[in-house]
Amino acid sequence: GTTLVNYINSLRCTNAKRLILSGQHNISESAIMSGFNNLSYFSRTYTKHIGHPPSEEKTLLKEA
């Protein structure tokens with residue numbers, strides 16, 4: 001029920017989230033390592049698939 005691009009972007013965002021939460025990579029590095037070359041596109045896509053911007057990831061982790 002989804003397009004190939006949406007599926008791939010979902011996998012890339014999940015990988016980027018894992019990298020960000022590992023604490024070993026910043027957001028830009030995580031985006032590039034996950035296959036995103038454009039950080040603006042990454043941020044929009046991440047927000048669409050994960051539900052919040054990548055910049056909020058560590059804040060949400062601390063609150064949990």
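Mentor: Let's settle one term before anything else: contact means heavy atoms within 4.5 Å. The model is predicted, so local features need pLDDT of at least 70 and side-chain atom pairs count only at pLDDT 80 or more, while totals for chains, interfaces and linings use all residues. Residues are numbered from 1 along each chain as its sequence is written, and side-chain values use heavy atoms, with hydrogens and water left out.

Trainee: Thanks! Leaving aside its neighbours within four places in sequence, which residues is P53 in contact with?
Mentor: Start with its place: P53 lies in the loop between α3 and α4. Helices here are DSSP runs of H or I with at least four residues, strands are runs of E with at least two, and both are numbered from the N terminus. P53 has a relative accessible area of 25% and is partly exposed, a class between buried (under 20%) and exposed (over 50%), computed with a 1.4 Å probe on protein chains only. Once neighbours within four places in sequence are set aside, the contacts of P53 are Y46 and T47.

Trainee: How far apart in space are P53 and R18, C-alpha to C-alpha?
Mentor: R18 belongs to the exposed residues of α1, whereas P53 is in the loop between α3 and α4. Along the sequence 35 residues separate P53 from R18, and their C-alpha distance is 14 Å.

Trainee: On to the helices. What is the reach of α1 from its first C-alpha to its last?
Mentor: Helix α1 covers residues 4-22, which makes 19 residues. The expected span of a helix is 1.5 Å times one less than its number of residues. For α1 the actual reach is close to that expectation, at 27 Å.

Trainee: Within what arc do the buried residues of α1 fall?
Mentor: The buried residues are N9, C13, A16, L19 and I20, while L4 and R18 are exposed on the other side of α1. An α-helix has 3.6 residues a turn, so residues three or four places apart point the same way. The arc is that of the directions from the helix axis to the C-beta atoms. Seen down the axis of α1, the buried residues line one face, because they fall within an arc of 125 degrees.

Trainee: At about what angle do α1 and α3 pack?
Mentor: Axes are lines fitted to C-alpha atoms, for helices over the stretch in contact, and angles run from 0 to 180 degrees between N-to-C directions. The two axes lie 9 Å apart, and the packing angle is about 95 degrees.

Trainee: What does that make α1, relative to α3?
Mentor: Under 35 degrees counts as roughly parallel, over 145 as roughly antiparallel, 65 to 115 as roughly perpendicular and the rest as oblique. That makes α1, relative to α3, roughly perpendicular.

Trainee: Which residues of α3 are buried?
Mentor: On the other side of α3, R44 and K48 are exposed. The buried set packs against α1, α2 and α4. Seen down the axis of α3, these residues fall within an arc of 105 degrees, so they line one face of the helix. They are F42, T45 and Y46.

Trainee: Last one: not counting residues up to four places away in sequence, which residues does M33 touch?
Mentor: M33 lies in helix α2 and counts as partly exposed because its relative accessibility is 47%. From M33 to E57 it is 24 residues in sequence and 17 Å in space, C-alpha to C-alpha. Not counting residues up to four places away, M33 touches N15, L19 and H25.
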